[in-house]
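Visitor: I would like to learn how to read the features of a model like this one. Where do we start?

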Amino acid sequence: MKYRVLSLAVLSVIIYSCASKSNAPTASVNETRPAAIKTPATAMTPELAEGKGLYENNCAKCHKLYAPSDFSSEEWKPIVARMQKKAHLDDLQGQKIYNYVTMK
């Protein structure tokens, strides 16, 4: 048990230290930049709403919920696959959660 706790602590430190620490650049008053391009918001389809419900109801039982924008779609793949097994979700439910967090 001590080995698991110790390895979890070491893994957490490694992941935290490798995380991106960049901040968005701020524009100065004298700087002229083109206006930011706004992307249209994805409409919440019934399938995405179901994925959101699955995400909120199953994932929040064990840990805090991350915003879908916290990770890229490639980063979400192994996270959802690993957590799907832990939460005892079937492949369809896992896919709906993945679609929600990547908004596909």
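**Exposure, contacts and a pocket**

Guide: E74 is exposed, with a relative accessible area of 53%. Exposed means over 50% relative accessible area, buried under 20%, and partly exposed in between (1.4 Å probe, protein chains only). The model is predicted, so local features need pLDDT of at least 70 and side-chain atom pairs count only at pLDDT 80 or more, while totals for chains, interfaces and linings use all residues. Residues are numbered from 1 along each chain as its sequence is written, and side-chain values use heavy atoms, with hydrogens and water left out.

Visitor: What share of the residues of the chain counts as buried?

Guide: Of the 104 residues, 17% count as buried.

Visitor: How many helices and strands does the secondary structure come to?

Guide: Helices (H or I, at least four residues) and strands (E, at least two) are DSSP runs, numbered from the N terminus. Here there are four helices and zero strands, and the pattern along the sequence is α-α-α-α.

Visitor: How many salt bridges does a search of the whole structure find?

Guide: A salt bridge is a side-chain nitrogen of Lys or Arg within 4 Å of a carboxyl oxygen of Asp or Glu. The search finds three. In one of them, the side chains of K96 and E50 meet at 3.0 Å, N to O. K96 belongs to helix α4 and E50 to helix α2, so this pair ties together parts that are 46 residues apart in sequence.

Visitor: Which side chain does E74 meet in a salt bridge?

Guide: E74 pairs with K77 at 3.3 Å, N to O. The two are three residues apart in helix α3, separated by about one helical turn. K77 is partly exposed, at 42% relative accessibility.

Visitor: How far apart are E56 and K52 in helix α2?

Guide: They are four residues apart, which also puts about one helical turn between them. Their side chains meet in a salt bridge of 4.0 Å, N to O. Both ends are partly exposed: E56 has a relative accessible area of 36% and K52 one of 31%.

Visitor: What volume does the largest pocket have?

Guide: Its volume is about 590 Å³. On a 1 Å grid over the protein atoms alone, a pocket is an open set of points where a 1.4 Å probe fits, with protein on both sides within 12 Å along at least five of seven lines; lining residues have an atom within 4 Å of a point. The largest pocket is lined by 21 residues, and the closest to its centre are Y66, F71, W76, I79 and R82. Two or more lining residues come from each of α2 (46–59), α3 (73–86) and α4 (91–102). Helix α3 gives the largest share of the lining, seven residues.

Visitor: How do the lining residues divide into nonpolar, polar and charged?

Guide: Ala, Val, Leu, Ile, Met, Phe, Trp, Tyr, Cys and Pro count as nonpolar, Asp, Glu, Lys and Arg as charged, and the others, Gly among them, as polar. The lining of the largest pocket has 14 nonpolar, four polar and three charged residues.

Conventions
Points joined across faces, edges and corners; volume = space filled by probe spheres on them.
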